[in-house]
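Which residues line the spaces, and which form the cores?

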Amino acid sequence: MTADGPLVPTVPAPQYGVPAEEALARVRAFAAHLSLRRTIRRFADRPIPDGVIEEAVRAAGTAPSGANVQPWRFVVVTDPAVRRALREAAEAEEREFYQRRVSDEWREALAPLGTDWRKPFLETAPGLIVVFEVHKGPESPKPYYVKESVGIAVGFLLAALHEAGLATLTHTPSPMRFLNEILGRPREERGYVVVPVGYPAPDAEVPAIDRKPLDEILVRR
């Protein structure tokens with residue numbers, strides 16, 4: 001017991017077993033592998049291997065979270081009719097965004113990427129993972145640091161899917177309430193991101209963009 005109440009039971013911390021002389025090589029190889037990941041908007045008509053999405057979600061569920069509440073829900077959508085409904089609803093919101101809500105500055109930033117209100121990937125990708133934040137509800141506790149926690153989990157998810165050789169895209173329609181309506185989710189769940197998953201189409205292309213160099217993003221003190 002402590003002044004704050006009973007202690008949570010403990011187990012020995014994992015030691016991972018990575019020899020010091022292998023650490024740099026491992027993280028360098030991991031970084032090189034992740035650098036190959038690109039956002040894909042054109043997907044092949046090719047099925048996702050059984051079990052891969054489930055294991056990727058399992059990996060996402062190991063992410064740290066505020067007070068270990070784990071405030072996330074991953075809704076996997078493969079039904080073509082539901083994917084079409086999500087596309088139609090998302091495009092309605094996106095059309096409004098691009099025609100009425102987007103600022104000139106934002107439109108200029110998006111122009112090199114060639115994006116617009118059309119979101120065919122929501123229907124052509126063989127799978128969608130719709131990620132929700134889980135807030136306090138009848139059967140869910142109050143969460144802490146929700147966006148930070150869910151953001152870390154989504155990072156784990158993308159890395160796991162990339163490890164399996166699958167392509168992804170992070171789509172954030174706004175507003176997202178239609179996700180609850182179409183997927184039958186309760187009000188305490190709030191849409192965070194939609195992740196189309198599949199293999200790139202044979203003729204898929206991506207913008208020729210660069211990543212910031214290490215000396216521009218790393219600061220030592």
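The largest pocket is lined by 23 residues, and those nearest its centre are R41, L110, T115, T170 and T172. A pocket here is an open set of points on a 1 Å grid over the protein atoms alone, with protein on both sides within 12 Å along at least five of seven lines, whereas a cavity is a set where a 1.4 Å probe fits but cannot get out; lining residues have an atom within 4 Å of a point. Grid points are joined across faces, edges and corners, and a volume is the space filled by probe spheres set on the points.

The model is predicted, so that local features need pLDDT of at least 70 and side-chain atom pairs count only at pLDDT 80 or more, while totals for chains, interfaces and linings use all residues. Residues are numbered from 1 along each chain as its sequence is written, and side-chain values use heavy atoms, with hydrogens and water left out.

**Spaces**

Lining residues are classed as nonpolar (Ala, Val, Leu, Ile, Met, Phe, Trp, Tyr, Cys and Pro), charged (Asp, Glu, Lys and Arg) or polar (the others, Gly among them).

| Space | Volume | Lining by class |
|---|---|---|
| Largest pocket | about 560 Å³ | 10 nonpolar, six polar, seven charged |
| Second largest pocket | about 270 Å³ | seven nonpolar, four polar, six charged |
| Largest cavity | about 30 Å³ | six nonpolar, one polar, no charged |

Helices (H or I, at least four residues) and strands (E, at least two) are DSSP runs, numbered from the N terminus. Helix α3 gives the most to the lining of the largest pocket, with four residues. The second largest pocket has 17 lining residues, of which R41, R42, R118, P120 and F121 are closest to its centre.

A search of the whole structure finds one cavity of 30 Å³ or more. Its lining consists of L86, A90, L122, H171, F178, L179 and V194, with at least two residues supplied by each of α3 (80-101) and α7 (177-183).

**Cores and the strand β2**

A nonpolar core is a set of buried Ala, Val, Leu, Ile, Met, Phe, Trp, Tyr and Cys residues joined through side-chain atoms within 4.5 Å; buried means under 20% relative accessible area, exposed over 50%, and partly exposed in between, with a 1.4 Å probe and protein chains only. The largest core has 23 residues, and F74, I129, V131, L157, L161, V195 and V197 have the most contacts inside it. Two or more residues of this core come from each of α2 (52-60), β1 (72-77), β2 (127-134), α6 (146-163) and β4 (189-198), and α6 provides the largest share, seven residues. Apart from it lies another core of 19 residues, including V75, L86, A90 and L128.

Because eight of its eight residues are buried, β2 is largely enclosed by the rest of the structure. Strands count as paired if DSSP finds at least two bridges between them: β2 runs antiparallel to β1, with six bridges, and antiparallel to β4, with eight. F132 in β2 stands opposite R73, and in β4 the residue opposite F132 is G191.

N180 and F132 are 48 residues apart in sequence and 9.1 Å apart in space, C-alpha to C-alpha. N180 counts as buried because its relative accessibility is 5%.
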